[in-house]
Amino acid sequence: MQETLNYINENKQRFVDELFELLRIPSISADPAYKDDVLKCADVCAEHLRNAGADHVEICQTKGYPIVFGEKIIDTNLPTVLVYGHYDVQPADPLELWKKPPFEPYIEKTELHPDGAVFARGAADDKGQFFMHLKAFEAMMKTNTLPCNVKFILEGEEEVGSVSLGDFVNENKEKLACDCILISDTHIYSNEQPTVTTGLRGLSYVEVEVEGPNRDLHSGLYGGAVPNPIHVLSRMIAKLIDEDGHITIDGFYDNVEIVSDADRTEMNKLKDNPEEFKKSIGLSNIEGEQGYTTLERASIRPTLDCNGIWGGYTGEGAKTVIPSKAFAKISMRLVPYQTPEEITEKFTKYFEKIAPDTVKVKVTPHHGGMPYVLQSDTKEFLAAKKAMETAFGKEVLPYRSGGSIPITAMFEKVLGAKSVLMGFGLDSDAIHSPNEHYGLFNFYKGIESIPLFFENYSK
């Protein structure tokens with residue numbers, strides 16, 4: 001293993017230079033204008049896999065963007081690890097809030113990253129993180145220390161709901177057969193307190209529409225005499241959560257997992273610091289469901305958030321109208337035993353129930369996903385924990401994350417393998433936001449930890 005670590009240390013700068021090349025490609029899957037860039041990124045990922053030593057590298061076509069596959073089978077009697085990542089990125093808007101152009105990566109030191117961080121869209125989510133696996137694999141291949149079989153699956157639609165991945169996995173069970181799945185698309189609690197993610201929340205995402213008059217109306221001629229859909233929608237959204245932070249949808253909590261007091265005590269060992277939390281996001285105070293810590297609210301409890309709301313005139317200057325329609329996008333994060341189908345149905349019924357008879361409402365479901373839990377006594381978790389403890393030189397704790405990676409539950413159902421969520425970002429890395437970044441310390445620790453995971457898991 002020391003030979004592998006020496007190779008990593010000798011090639012650190014080249015690894016970053018190659019990551020910069022990847023980050024310069026604006027592989028925005030949500031915007032058709034960037035289709036050629038997404039396809040180019042798939043080609044570049046395939047080339048990196050070949051150069052690292054993978055066999056049978058393929059760019060597999062789907063109904064959407066292609067999936068890049070590669071493998072190295074050294075002995076069919078040895079276990080096989082399937083590495084998952086995604087090469088597509090979020091849109092960079094609003095562009096004016098970036099310090100520098102989002103696809104021109106640069107390194108800058110910050111308070112949390114004194115060794116420097118790479119700033120660019122996709123730096124942490126997920127190019128910087130899946131690239132760690134390619135470089136760790138390269139290091140093991142160059143030093144002849146790969147201890148087991150490895151397969152790679154890199155998709156280009158994660159940021160739009162992994163719309164083609166399910167079909168691909170179902171149609172390629174034999175190709176993707178493995179003993180466990182390794183994913184770096186999550187974060188650690190802090191560089192001082194490294195963690196392995198043991199849980200993810202699920203997701204139900206909907207768009208709602210409230211329709212009032214049959215056209216936009218003059219607010220002088222009709223104001224005060226007709227319902228304003230924006231006002232109605234605002235009141236309806238306000239009714240979804242009460243003053244105690246409790247979601248009011250009928251039956252919303254029926255199937256929520258009850259986390260034991262012992263598990264809650266264990267998770268709160270992560271030293272939640274409310275003052276630091278408020279400071280990090282520029283708030284003077286925080287709120288949430290009564291009876292739970294900030295850590296618990298953001299991980300083991302379900303949530304409901306309005307992600308966007310619009311209607312009427314939003315252009316330059318003034319236009320005095322009562323809009324015909326108002327819209328909102330709403331996401332609900334789910335915990336074990338809740339399903340997106342159940343929650344979407346309950347939301348729809350409740351939203352229709354609280355609507356006044358002066359308007360019509362429509363609920364359109366978008367993508368969703370199941371929650372996921374990896375128990376902390378499994379061989380997969382223990383292999384990751386030991387690897388990171390060796391790399392960081394510190395105790396590694398289990399961590400339930402509030403985010404969602406819907407494909408983890410699908411992988412387990414179809415491939416029968418557990419996913420190890422061994423991410424290395426920080427929650428302050430501004431993923432999905434302007435000035436996304438990824439610490440060099442974290443990038444290198446990931447590359448060091450991954451060969452150790454392979455070694456531990458193989459044993």
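How many salt bridges does the structure hold? In this predicted model, the structure holds 24 salt bridges. One of them joins the side chains of Lys-175 and Glu-58, with an N to O distance of 2.7 Å. Because Lys-175 lies in the loop between α5 (165-171) and β7 (180-183) and Glu-58 in strand β1 (residues 55-60), this pair ties together parts that are 117 residues apart in sequence. Lys-175 is partly exposed at a relative accessible area of 24%, and Glu-58 is likewise partly exposed at 31%.

A further salt bridge links Lys-99 to Glu-108, whose closest N and O atoms are 2.9 Å apart; here Lys-99 is exposed, with a relative accessible area of 54%, whereas Glu-108 is partly exposed at 27%. Between Glu-448 and Lys-445 the closest N and O atoms of the salt bridge are 3.5 Å apart, and both residues belong to helix α14 (residues 440-458), where they are separated by 3 residues, about one turn of the helix. Glu-448 is buried, with a relative accessible area of 15%, and Lys-445 is also buried, at 15%.

Turning to the helices, α4 (residues 127-142) comprises 16 residues and reaches 22 Å from its first C-alpha to its last, close to the 22 Å expected at 1.5 Å a residue. Since 14 of its 16 residues are buried, α4 is largely enclosed by the rest of the structure, and just after this helix Asn-144 takes a positive phi of about 55 degrees. In α11, the buried residues include Ile-343, Phe-347, Tyr-350 and Phe-351, and among the elements that cover the buried residues of this helix are β9 (202-211), α7 (229-238) and β14 (360-369).

Technical notes
Residues are numbered from 1 along each chain as its sequence is written. This is a predicted model: local features need pLDDT of at least 70, side-chain atom pairs count only at pLDDT 80 or more; totals for chains, interfaces and linings use all residues. Side-chain values use heavy atoms; hydrogens and water are left out. Buried means under 20% relative accessible area, exposed over 50%, partly exposed in between (1.4 Å probe, protein chains only). Helices (H or I, at least four residues) and strands (E, at least two) are DSSP runs, numbered from the N terminus. Contact means heavy atoms within 4.5 Å. The expected span of a helix is 1.5 Å times one less than its number of residues. A salt bridge is a side-chain nitrogen of Lys or Arg within 4 Å of a carboxyl oxygen of Asp or Glu.
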